[in-house]
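This briefing is intended to be read alongside the sequence and the coordinates. Please keep both in view while going through the points.

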There are 2 protein chains.
Amino acid sequence: MPTNTAPPDSFDSFLSRLFQGEKRAISRAISEVENESPDAVRLLDEIYGKTGNAYRIGVTGPPGAGKSTLTNELALYYRSQNKSVAIVAVDPTSPFTGGALLGDRIRMQTSSLDTGVYIRSMAARGSLGGLSKKAKEAADVLDAAGFDIILFETVGVGQSELDIAQAADTTVVVLVPESGDAVQAMKAGLMEIADVFVMNKCDRDGANQAVSALHAILQFRIPGNGGANDGKTGAGNKWLPPVVQTIGAEGKGSKELADAIESHKQWELTSGHFRTARMTQLRERILELVSEQVNARFWTKDKEELMEREITNVASRSISPYKVVESLIKT
Amino acid sequence: MPTNTAPPDSFDSFLSRLFQGEKRAISRAISEVENESPDAVRLLDEIYGKTGNAYRIGVTGPPGAGKSTLTNELALYYRSQNKSVAIVAVDPTSPFTGGALLGDRIRMQTSSLDTGVYIRSMAARGSLGGLSKKAKEAADVLDAAGFDIILFETVGVGQSELDIAQAADTTVVVLVPESGDAVQAMKAGLMEIADVFVMNKCDRDGANQAVSALHAILQFRIPGNGGANDGKTGAGNKWLPPVVQTIGAEGKGSKELADAIESHKQWELTSGHFRTARMTQLRERILELVSEQVNARFWTKDKEELMEREITNVASRSISPYKVVESLIKT
């Protein structure tokens with residue numbers, strides 16, 4: 001019914017609603033980023049001046065460690081401190097897993113009646129390595145919309161941990177006391193990205209031993225560390241990740257976790273590491289954007305046709321892909 | 001002592017030693033690929049005509065599922081069939097984890113006195129998304145060196161699973177009967193990449209229930225599947241991943257696993273999927289190589305200096321990264 005349609009939403013009014021933190025505008029903006037819509041770059045360009053105020057926290061760890069519950073509790077704690085919180089659940093997988101994830105999300109919606117909380121699932125289908133870029137862009141949207149705290153939560157395992165660490169100011173790695181969890185985390189590269197450790201489900205058997213084992217690994221990791229590993233000794237060049245004990249399901253330890261994150265933030269700011277890390281992020285973002293554009297300009301119709309003609313020759317091994325690239329670059 | 005040094009190894013003699021399967025030449029070639037040395041592209045170009053004969057199998061799954069042991073047993077089974085086997089343990093993490101990994105590797109060296117077996121750890125430090133490219137290139141080296149079977153094993157979790165699936169012809173996902181393992185695997189996106197499932201440590205409690213649960217999930221996944229999920233019904237357009245039960249530590253089930261992999265290979269070949277997948281890999285490789293070169297050509301000294309001048313303005317938010325990219329592209 002064309003006569004009944006509202007006038008099309010102008011870009012400017014969309015922007016001003018976004019800056020006011022209107023949830024529908026936020027959702028639309030994140031969708032544009034997620035889908036790489038034609039307006040996405042313009043949007044990100046326009047909002048950039050309003051970013052830089054939110055603190056970005058990544059929550060990651062092995063499956064079953066209780067990341068969702070802990071993220072929820074942390075969000076509730078920040079709300080009790082009058083800070084607005086956005087949660088981005090980052091899912092590296094496909095639509096097939098939607099069902100399982102939805103269950104987690106519904107659990108988290110307990111806090112969603114609160115207007116100071118925004119919750120969003122974000123997928124990065126098909127774009128290997130594009131996850132950290134999209135997560136950062138979504139964080140920019142939420143930052144410009146005025147949120148104080150942005151929590152990234154990784155869903156399951158997969159390739160998302162390192163991406164999240166790149167997009168976050170503080171990365172929290174959640175472990176549980178199960179035997180060998182810390183060793184597995186070490187193998188998985190989670191030790192490298194942790195700024196704060198959480199030993200969750202600390203009412204379980206073996207919690208104390210698991211915390212001791214983790215401390216032992218951390219001390220082995222940082223030479224010259226005299227043994228005090230409470231995060232407060234990290235005032236110099238190196239940050240020593242503290243280990244916070246929580247029982248997520250009972251909300252125990254959320255304040256201590258928020259305090260540990262705050263200590264890390266203060267260390268980041270005073271050590272100058274925060275500025276360096278943000279500069280590195282900006283440099284990488286520029287490199288990514290340039291790469292997208294130079295590739296798009298390179299692949300003219302002629303070149304695509306040349307590649308398609310040669311690809312069967314490459315498959316039959318009568319020419320190597322390296323020789324094909326050589327001739328593509330020459331033309 | 002310069003007078004005692006051997007004449008420098010010529011590239012041609014290096015190549016011919018590689019084609020004869022000489023282990024030192026193989027190790028050197030993989031190192032060049034891994035380190036992206038100046039000779040790497042020339043090497044890959046020269047060997048390309050000799051590739052295409054090895055079958056590439058990826059072994060992945062959650063930490064603690066017994067991937068190393070199972071890979072080792074599978075290698076021993078292939079050796080008993082007179083096939084030569086190369087194992088590439090792909091590690092997405094950093095030097096810090098070297099200690100833990102070394103332990104695994106030493107275990108695997110039980111089969112390394114055999115000249116028909118080659119074992120190699122491969123890291124992909126710093127290069128997000130570069131893992132599948134390097135794994136594929138290492139496989140090309142091993143393929144040209146004459147190995148019949150190439151086994152990629154992922155170490156721990158991390159971002160390596162999807163990369164490995166991209167580099168492998170058949171991807172084996174290893175699970176254990178622990179409750180919820182299949183559900184966690186589903187969340188982690190492992191269901192999407194599996195061509196063959198292994199339920200390892202099948203002497204544990206709950207093994208039968210875990211296998212049933214996995215079958216139930218697989219049938220939910222593939223609409224119209226009448227229930228028979230033994231892999232043999234996959235002769236048409238869709239492959240139904242079979243579930244093989246093993247006890248890796250006792251070598252039980254290795255033959256059945258090799259048979260399931262062979263069934264998948266035959267389906268890949270007869271369905272035409274093998275050719276399509278290899279063509280897609282080639283197309284992606286050409287796109288990657290082109291991207292590397294156009295980016296390298298773009299970043300002249302002038303442009304790098306322009307970016308460095310502007311980056312502080314971007315950090316202070318007086319200009320957006322998108323505007324900087326615009327002016328970089330224009331100059």
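The structure is a predicted model. Its largest nonpolar core has 71 residues, and a second, separate core comprises 70 residues.

**Chain A overall**
- The secondary structure of chain A consists of 14 helices and seven strands.
- Chain A has 331 residues, of which 46% count as buried.
- Among contacts in chain A with a separation of 6 or more, 73% are between residues 24 or more positions apart.

**Nonpolar cores**
- Within the largest core, Leu142(B) and Ile150(B) have the most contacts.
- Apart from neighbours within four places in sequence, Leu142(B) contacts Ile26(B), Ala54(B), Ala86(B), Tyr118(B), Phe147(B) and Ile150(B).
- The second core includes Ile47(A), Val88(A), Met191(A) and Cys202(A).

**Strand S4 of chain B**
- S4(B) spans residues 149-154, and six of its six residues are buried.
- Ile149(B), Leu151(B) and Glu153(B) point one way from the strand, while Ile150(B), Phe152(B) and Thr154(B) point the other way.
- S4(B) runs parallel to strand S1 of chain B (residues 55-60), and five bridges join the two.
- Tyr55(B) has Ile149(B) as its bridge partner in S4(B).

**Helix H3 of chain B**
- In H3(B), residues 40-47, the buried positions include Val41(B), Leu43(B), Leu44(B) and Ile47(B).
- These four residues lie on the same side of H3(B) because they cover an arc of only 160° around the axis.
- An α-helix has 3.6 residues a turn, so residues three or four places apart point the same way.

Notes: Residues numbered from 1 in each chain as written. Chains lettered and ligands numbered in written order. Predicted model: local features only at pLDDT ≥ 70, side-chain atom pairs only at ≥ 80, totals over all residues. Buried ≥ 20, exposed ≤ 12 C-beta atoms within 10 Å, placed from the backbone. Pairing = 2+ DSSP bridges. Arc of directions from axis to C-beta. Contact = placed C-beta atoms within 7 Å. Core = buried A, V, L, I, M, F, W, Y, C linked by C-beta atoms within 7 Å.
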